Amino acid sequence: ALAPILEQEVGRRAGAVALAKVDVDANPGLSASYRVQGIPAVKGFRDGRVVAEFVGARAPTAVASFVDELLAPPRTSGIVDELRQSGELPGVLSALEDGDEERALDLILDEIPGASPERREWLRSIAVAVFHDLGHDDPVAVSYRRRLATALY
């Protein structure tokens, strides 16, 4: 039931998204490496990494939103624009522009201890945007998610 909805939504994007179907029974190694535990399992990739996913049937509007999210610019692009305009966190800006997410996250964590509650929330939102763009399984995101929680709470 989900396949026609996915095909339709991908077709509406006129080649901006590729759809690949994998038979998990015929490819157990692949399904194990991506931790497929339910069918249908839909994984959205960007730059070779899983950046979004869901398991089970979804309504057409939810599938459309999922595909739109895959095509949206990275969340950090808005953060980069904001930092350029504000002049704040020049080191974080430089790291994000260089694609060095780990350095950006280190600098964010360094800012947290002396920050006001509002600034801590802002720093948290920047880190969460970086985590989102890295993908939830990325080793840097996993490691820094824990470190951020420790620093905040």
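**View 1. Salt bridges across the whole structure.** A search of the whole structure finds 14 salt bridges, each a side-chain nitrogen of Lys or Arg within 4 Å of a carboxyl oxygen of Asp or Glu. The model is predicted: local features need pLDDT of at least 70, side-chain atom pairs count only at pLDDT 80 or more, and totals for chains, interfaces and linings use all residues. Residues are numbered from 1 along each chain as its sequence is written, and side-chain values use heavy atoms, with hydrogens and water left out.

**View 2. The network of Glu9, Arg12, Arg13 and Asp68.** Salt bridges link these four residues. Glu9 is buried at 4% relative accessible area (buried is under 20%, exposed over 50%, partly exposed in between; 1.4 Å probe, protein chains only). Arg13 also counts as buried, at 15%.

**View 3. Asp138 and Arg49.** Their side chains meet in a salt bridge, 3.4 Å from N to O. Asp138 lies in the loop between α7 and α8 and Arg49 in strand β2 (residues 49–55), so the pair ties together parts that are 89 residues apart in sequence. Helices (H or I, at least four residues) and strands (E, at least two) are DSSP runs, numbered from the N terminus. Asp138 is buried, at 13% relative accessible area. Arg49 is partly exposed, at 30%.

**View 4. Arg124 and Glu121 in helix α7.** The salt bridge here spans 2.5 Å, N to O.

**View 5. The largest nonpolar core.** This core holds 26 residues. A nonpolar core is a set of buried Ala, Val, Leu, Ile, Met, Phe, Trp, Tyr and Cys residues joined through side-chain atoms within 4.5 Å. Leu83, Leu96 and Ile108 touch the most other members. At least two residues come from each of α4, α5 (90–97), α6 (101–111), α7 and α8 (139–152). Helix α7 gives the largest share, eight residues.

**View 6. Contacts of Ile108.** Leaving out residues up to four places away in sequence, Ile108 touches Val92, Leu123, Ile126 and Ala127. Contact means heavy atoms within 4.5 Å.

**View 7. A second, separate core.** It has 13 residues, including Leu2, Val51, Ala52 and Phe66.
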